[in-house]
Amino acid sequence: MTTFVVVGGDAAGMSAASKAKRDDPDLDVVVFERGEWVSYGACGLPYYVKGEIQSLQDLVSVTPEEFREERDIDLRTGHDVIDVDPDDRTVTARSDDGEVTVAYDHLLLATGAAAVEPPIEGLDREGVFTLGSMSDGNDLREYVARSRSDDDLHQPDRGPACQFLDTCSGPVGVVGGGYIGVEMAEALAANGFEVHLFQRGDRILKQFSEATSERILDHLRDQDVAVYLEDEVEALVGDDRVEAIETTDDRVPIDMALVGTGVRPRTELAEDAGIELGETGAIATDAYRETNKPDVYAAGDCAEAEHVVTGEAAYVPLALTANRHGRAVGQTVAGTPSKGGGIAGTAAVKAFEVEAARTGILDHEEGRAAGFDPITETIDAKSRAGYYPDGGTVTVTLTADRDSGRILGGCLVSEYGEGAVHRSHALVGAVTEGVTVDELSDYDLAYAPPFNTTWDPVLTAAKVLGGKLEPDR
């Protein structure tokens, strides 16, 4: 019997395992997962902490029992893989019951990503949290629950990180102004905390356009979130428990700190096995996710992928990419070689009553490094017909190549529910297919007064940017 071994039981790993078993029921599929949770939506953790999602179990797509009993997958939770030997084609894992070695015909490394530990003193103090796992989410939810003493808020099981808590309802600090930082600022502020958000750079959400960053920054401050820009955190100070955040310019008293400064690919296992990393620091693969070792694949947050604009390897750890590429590996292992597609860096974020999405390349320096001559235009437009009640403003930023007119990237921001995220899908298609500004302006997008203006804001942005390019052609 052919054996497919998967290391890692979340998005990429379980997508691969499920697809391979579905396409080839005779395949022996073994999955090693060092934790107890599998196939869960980590992106939903901020909303669990906020209280909009009542149970951690709600974030689980498929339970371990369903994988074992209904999908006939040999899922071994609580197994930490300690060695991969591509020469002998074996994987060794350790559990409470000892070590086990399994031979493989095909192997997928789906080891995911780990939270970056910035060079900040005091990260090990009590009251310092990250949000990289289900247990992290449980501990943070407990912090919120105990601070509020709210009977309407689900009380999670006590976690070891929160045993020191009494009643903590004072100010909290969020270190990092990326996706997790912004989403957790909302989650904590919505529960009545005084929130201080620290970003060492000159703007939050730096992957988005400047117009988007500014609009979300203004909105955070309108919601009484104190945002500190260009103010690098140097230490989390206190005795056993964190009591203040010290930065280059400030000392801010806090009762809790959340550190969300990004993630890094987990590559230690691959490196020890002689598997090559790419320039990004993630595992290098070909278009079919195969590494430099035969029949060894890598997918998800531990691996690189080809960017659809530059054609070069990029590291963008996002959920859809992990699911797509894991599924493709499963198809390949089952006998139908599949690529799973490239990446455009498409992402979305919600901050209180504002939503935003981005795709492609927006940064001019990055565009020039890829051989383009970027030009950018930003416009504001109505989200619905002017005579229709309510509605709001959509801000669209488009970046194109000056010479060819090709759309390189785009970013949209609007009031929550006014369509920035859904409108971004048209831009994803344009970026992926290499569409020009003129071609985008001719897209036949949907119109009805409750949803849109006759000229969608995306089309308006394309027309304006096209007009700016005219003199250069």
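**Entry 1: exposure and a surface patch**

I call a residue buried under 20% relative accessible area, exposed over 50%, and partly exposed in between, with a 1.4 Å probe and protein chains only. I note that this is a predicted model, in which local features need pLDDT of at least 70 and side-chain atom pairs count only at pLDDT 80 or more, while totals for chains, interfaces and linings use all residues. Residues are numbered from 1 along each chain as its sequence is written, and side-chain values use heavy atoms, with hydrogens and water left out.

I looked up Y387 and found a relative accessible area of 63%, so Y387 is exposed. Y387 sits in the loop between strand 23 (374-382) and strand 24 (393-401). For such elements I follow DSSP runs, numbered from the N terminus: helices are H or I runs of at least four residues, and strands are E runs of at least two. Together with Y388 and Y447, Y387 makes a nonpolar surface patch of about 350 Å². A patch is made of residues with over 30% relative accessible area and no salt bridge, joining like charges within 9 Å and nonpolar side chains (Val, Leu, Ile, Met, Phe, Trp, Tyr) within 5 Å. The accessible areas come from the Shrake-Rupley method with a 1.4 Å probe, and for residues only the protein chains shown count as cover.

**Entry 2**

Strand 25 (residues 407-415) runs antiparallel to strand 24, and seven bridges join the two. Their hairpin has five residues between the strands, and in it G405 takes a positive phi near 80 degrees. Eight of the nine residues of strand 24 are buried, so strand 24 is largely enclosed by the rest of the structure.

**Entry 3: nonpolar cores**

A nonpolar core is a set of buried Ala, Val, Leu, Ile, Met, Phe, Trp, Tyr and Cys residues joined through side-chain atoms within 4.5 Å. The largest one here has 42 residues, and L188, V195, I216, L220 and V225 have the most contacts inside it. Helix 5 gives the largest share of this core, six residues. Another core, of 26 residues, lies apart from it and includes I375, I379, V394 and L427.

Which residues does I216 touch, not counting those up to four places away in sequence? I listed V182, I204, L205, V349, A351, V354, A356 and V413, where contact means heavy atoms within 4.5 Å.

**Entry 4: salt bridges**

A search of the whole structure gave 16 salt bridges, each a side-chain nitrogen of Lys or Arg within 4 Å of a carboxyl oxygen of Asp or Glu. E186 and K350 form one of them, at 2.7 Å, N to O. E186 lies in helix 5 (residues 179-189) and K350 in strand 21 (residues 347-351), so the pair ties together parts that are 164 residues apart in sequence. Both E186 and K350 are buried.

I also looked up E52 and K50, whose side chains meet in a salt bridge at 3.2 Å, N to O. E52 is exposed at 52% relative accessibility, whereas K50 is buried at 16%. R251 and E246 form a further salt bridge at 3.3 Å, N to O. R251 is exposed at 53%, and E246 is partly exposed at 30%. Salt bridges that share partners join K50, E52, E186 and K350 into one network.

Conventions:
Pairing = 2+ DSSP bridges.
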